[in-house]
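Please examine the chain displayed below before reading on.

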Amino acid sequence: MKKEVSVQIDRKQEVRADMMLLLITLFWGVSYYLMNVSLTELSTFTLNAYRFLGAFAVAVIGTFPKMRKINRETFFAGAAVGVALSFVYTGATLGVQYTTLSNSAFLCSTTVFFTPILDFLFFRRKPSKKIIVAVILCIVGISLMTLKEDFSFNMAHLKGDLFSLGCGFAYAVDIVITSRAVRNARVEPYQMGVISLGACGAIMLVLALATEMPLAHPRTAFVWGAVIFLSLFCTGIAFIVQPIAQQYTEASHVGIIFSLEPVFAGITAFFLAHEVLTVRGYIGEALMIFALLYMEIDFGGAKLNRRRKG
């Protein structure tokens with residue numbers, strides 16, 4: 001029989017969780033460059049299988065005692081998140097291959113737009129005025145960074161645009177599923193994160209075996225390093241820390257924070273690939289950073305009361 005457990009979370013806990021999610025977003029910003037490097041020697045599903053199964057193996061081996069006993073709720077929650085992640089990374093990697101990087105970056109970042117909508121439709125959680133303002137600022141910022149001068153999409157790349165849009169929607173679904181799951185007292189967030197890695201990796205491996213035989217492997221030390229960093233930091237740490245942090249913050253906050261991914265991707269491209277943004281692009285980055293700070297400022301200083309079902 002389920003019971004409700006009252007959990008009181010103050011503002012410091014929420015900000016700390018948001019900063020953990022911000023670090024994850026930094027890893028993902030770097031991952032664009034590393035994925036570009038890795039895809040010179042690996043195919044889409046093969047790369048993702050290496051990423052997720054490698055992260056899953058390290059997590060299980062490194063924390064085996066914590067993974068020995070997994071209850072039904074945790075297993076199915078992790079499997080559901082893993083399925084969502086497989087759609088996210090299929091859309092992201094195929095999107096980059098079939099459309100321009102600017103279109104892909106914008107459309108993958110529509111998570112910030114979809115998350116509050118899904119949160120309201122499924123759980124009747126109405127976004128605050130603060131969240132609405134922050135979402136609008138982020139959408140404007142991403143548009144300035146990624147769209148053409150006339151704010152148009154390239155219709156010749158419609159296939160890639162649809163894959164990228166699907167990525168943004170799928171990750172919003174992932175965020176909402178995760179937020180709902182970690183509020184169940186019987187779901188262990190760390191175990192759920194590890195199971196999601198294994199589930200996504202297994203799906204990617206099946207797709208790789210079906211479409212990319214014979215499977216390739218990295219041939220140079222540089223690509224090996226990129227794949228290992230993607231696996232450990234951009235995948236393993238990121239998707240395990242995410243559900244733990246989401247216990248203490250709102251799904252809409254997560255969507256806003258993750259919208260900073262193209263900002264970090266742009267900074268990485270500037271230093272490692274020597275790409276320079278336009279003035280509009282830098283204005284867009286500034287708007288998105290301001291949106292995050294605006295969301296995090298606690299004008300009332302009040303504590304948040306949340307309820308978890310167990």
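The explanation begins with the basis of the model and then turns to its parts.

This is a predicted model, in which local features need pLDDT of at least 70 and side-chain atom pairs count only at pLDDT 80 or more, while totals for chains, interfaces and linings use all residues. Residues are numbered from 1 along each chain as its sequence is written, and side-chain values use heavy atoms, with hydrogens and water left out.

The chain contains 13 helices and two strands; these are DSSP runs numbered from the N terminus, helices being H or I with at least four residues and strands being E with at least two. Of its 310 residues, 50% are buried, that is, under 20% relative accessible area with a 1.4 Å probe and protein chains only.

Gln 191 lies in helix 9 (residues 189–211). Because its relative accessibility is 6%, Gln 191 counts as buried. Leaving aside neighbours within four places in sequence, Gln 191 is in contact with Lys 66, Met 67, Lys 69, Ile 70 and Thr 74, where contact means heavy atoms within 4.5 Å.

Helix 9 also meets helix 2: residues including Phe 45, Phe 52 and Phe 56 in helix 2 meet residues including Tyr 190, Leu 197 and Leu 205 in helix 9.

At 1.5 Å times one less than its number of residues, the 25 residues of helix 10 should span 36 Å, and its end C-alpha atoms are 33 Å apart, which agrees. Helix 10 bends by about 35° at Ala 238, the bend being the angle between axes fitted to the seven residues ending there and the seven starting there.
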